[in-house]
Amino acid sequence: MSETPRLRRWLVATALLWMAVINGVILWNTRVQIRQGYGDFASFYTAGTLVRRGLGAEIYNPAAQWKVQQEFAAEVKTRSGPLRYLRPPFEALLFSVFAAWPYATALLLWTGFKLALLSAIPFVVVPGGLWKERFPRWATVVLVLGIFPEFMDLLMGQDAALLAFLFAISFWQLATDRDGGAGLTLGLALFKFQLVIPFVVMLWIGGRKRLLPGFATSAFAVVVISAVIVGWKGLSKYPGYLLALNQATGVGIVPESQVNLRGLFTWVAGGLSSPGRIYWVLAPVALGAIVYTGLIWRKAGGRSSSLAECFGLATIVAVVTSFYTNDYDLLLLIVPLLAVRARPDDAPKRDRVTRYLEATGLLLLLLMPVYWFARVELQAECLMTLPLLAVGVALARRLRRAGAGMRTERRAPVLDGCA
């Protein structure tokens, strides 16, 4: 029986390696379309080009976007208008560096940059002495290439690996009691503010208040940089720009394609005559989940042995309560997954129900065929929210047990004569 967990780990590793090979074949077969500008990197490159030409104020102008994209993506036949840039202005400054090269070269450099960040994550999250797997840490990167979120990140030229790297840095800083540095790092991740802000709120409720000055500092810096790029007037119009895209026909994002509660609620209540009613349910549920997660973190006592579970639960809640969550955003989960695998022996224990929830949820999240079935056959990728919720419930159960253990320890009597 002692060989069973080891065999299970190797079976999962073998499956991920096989899926990584399949992903590599698919990416190679679509290399022509990727170079032609079919991926999301086209919007990043467009914004970077406009900033590089001194036209930063035009990065949200559809006419300016379309003009630039016709220079390098004129062969794309699926668009009658520009692929819109959605990120805050400050991230366009990063893409202006890559815009110094032709599109195909810039995409290659961007992919190499992301793979380098991805390769660093296991070394950032897990110190050498805590690595428990028999295969080396660098091999973890190869296995990560077999999961659907990373495949979509590479296929679309997205920035999920950059976000995951910043979250990995913040975890390392929290683990070493450098909360101010964690706040600074999370402020730099505000190009995905819909994920970062709820995460920071949960940290604050959980007692990690020392990160707020660092977060406020870097948040102020990126706001100023954004204002320099597009002007204060342009920056004030950014929320309206996103709202208009969300409501636009043929341009907006289909809620059912989102891996979050919004997508799941929309799919379940698809027959409602007024979809806006969903938000009257979604808003209190999301707020309640964020507050509850922060309180669980606080009750767990802030112990380092519980940090991996707390970080993982907060990450999942930030993902499922976000208004926008795409499949590649789930790449964030590799940070708490690695951390949980390397947690100390006194970490929160699992009961049978917790083990089943965690194992089932993780298995569904790791296997690519499940994503393809939900995406292609059911046209409801939002169903991947369900395994996310299963893992979240499992982590919450662990942390509740840890919190109960902390209260028991505090109430335990101290015997005279004991050292």
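I took contact to mean heavy atoms within 4.5 Å.

**Entry 1. Model and conventions.** I noted that this is a predicted model, in which local features need pLDDT of at least 70 and side-chain atom pairs count only at pLDDT 80 or more, while totals for chains, interfaces and linings use all residues. Residues are numbered from 1 along each chain as its sequence is written, and side-chain values use heavy atoms, with hydrogens and water left out.

**Entry 2. Overall content.** I looked up the secondary structure and found 20 helices and zero strands. Helices (H or I, at least four residues) and strands (E, at least two) are DSSP runs, numbered from the N terminus. I then recorded burial, where buried means under 20% relative accessible area, exposed over 50%, and partly exposed in between (1.4 Å probe, protein chains only). Of the 419 residues, 51% count as buried. The accessible surface comes to about 19900 Å², and 67% of that surface belongs to carbon and sulfur atoms. These areas come from the Shrake-Rupley method with a 1.4 Å probe; for residues, only the protein chains shown count as cover.

**Entry 3. Nonpolar patch.** Which residues make the nonpolar surface patch of about 790 Å²? I listed L17, W18, V21, I22, V25, F123, W138 and V142. The elements giving two or more residues to this patch are α1 (4-29) and α7 (137-144), and α1 gives the most, with five residues. I checked V21, which is placed in helix α1 and is partly exposed at a relative accessible area of 44%. For the patch, residues must have over 30% relative accessible area and no salt bridge; nonpolar side chains (Val, Leu, Ile, Met, Phe, Trp, Tyr) are joined within 5 Å, and like charges, in charged patches, within 9 Å.

**Entry 4. Helix α7.** I next asked how many of the eight residues of α7 are buried. The number is six, so α7 is largely enclosed by the rest of the structure. I noted the buried residues as R137, A139, T140, V141, L143 and V144.

**Entry 5. Helices α15 and α16.** Two packed helices are described by the angle between their axes and the distance between the axes. I recorded an angle of about 175° between α15 (residues 278-299) and α16 (residues 307-321), with their axes 10 Å apart. That makes α15 roughly antiparallel to α16. The axes are lines fitted to C-alpha atoms, for helices over the stretch in contact, and angles run from 0 to 180 degrees between N-to-C directions. Angles over 145 degrees count as roughly antiparallel, under 35 as roughly parallel, 65 to 115 as roughly perpendicular and the rest as oblique. On the α15 side I found A286, A289, I290, T293, I296 and W297, which meet L307, C310, F311, L313, A314, V317 and T321 in α16.

**Entry 6. Salt bridges.** Side chains of opposite charge can pair when their charged atoms come close. A salt bridge is a side-chain nitrogen of Lys or Arg within 4 Å of a carboxyl oxygen of Asp or Glu. I counted 11 salt bridges in the structure.

I examined the pair D179 and R210, whose closest N and O atoms are 3.5 Å apart. D179 lies in helix α10 (residues 179-188) and R210 in the loop between α11 (193-205) and α12 (211-236), so the pair ties together parts that are 31 residues apart in sequence. D179 is buried at 2% relative accessible area, whereas R210 is exposed at 54%.

I then turned to R375 and D327, whose side chains meet in a salt bridge at 2.7 Å, N to O. This pair links distant parts of the chain, 48 residues apart: R375 is in helix α19 (residues 368-377), and D327 is in the loop between α16 and α17 (334-341). R375 counts as partly exposed at 32% relative accessibility, while D327 is buried at 5%. R375 also forms a salt bridge with E381, with closest N and O atoms 2.9 Å apart. E381 counts as buried at 4% relative accessibility.

Entry 7. I looked up L245 in helix α13 (residues 238-247), which is buried at 9% relative accessible area. L245 and R84 are 161 residues apart in sequence and 8.8 Å apart in space, C-alpha to C-alpha. I also looked up T30, found in the loop between α1 and α2 (31-36) and partly exposed at 22%. T30 and L155 are 125 residues apart in sequence and 8.5 Å apart in space, C-alpha to C-alpha.
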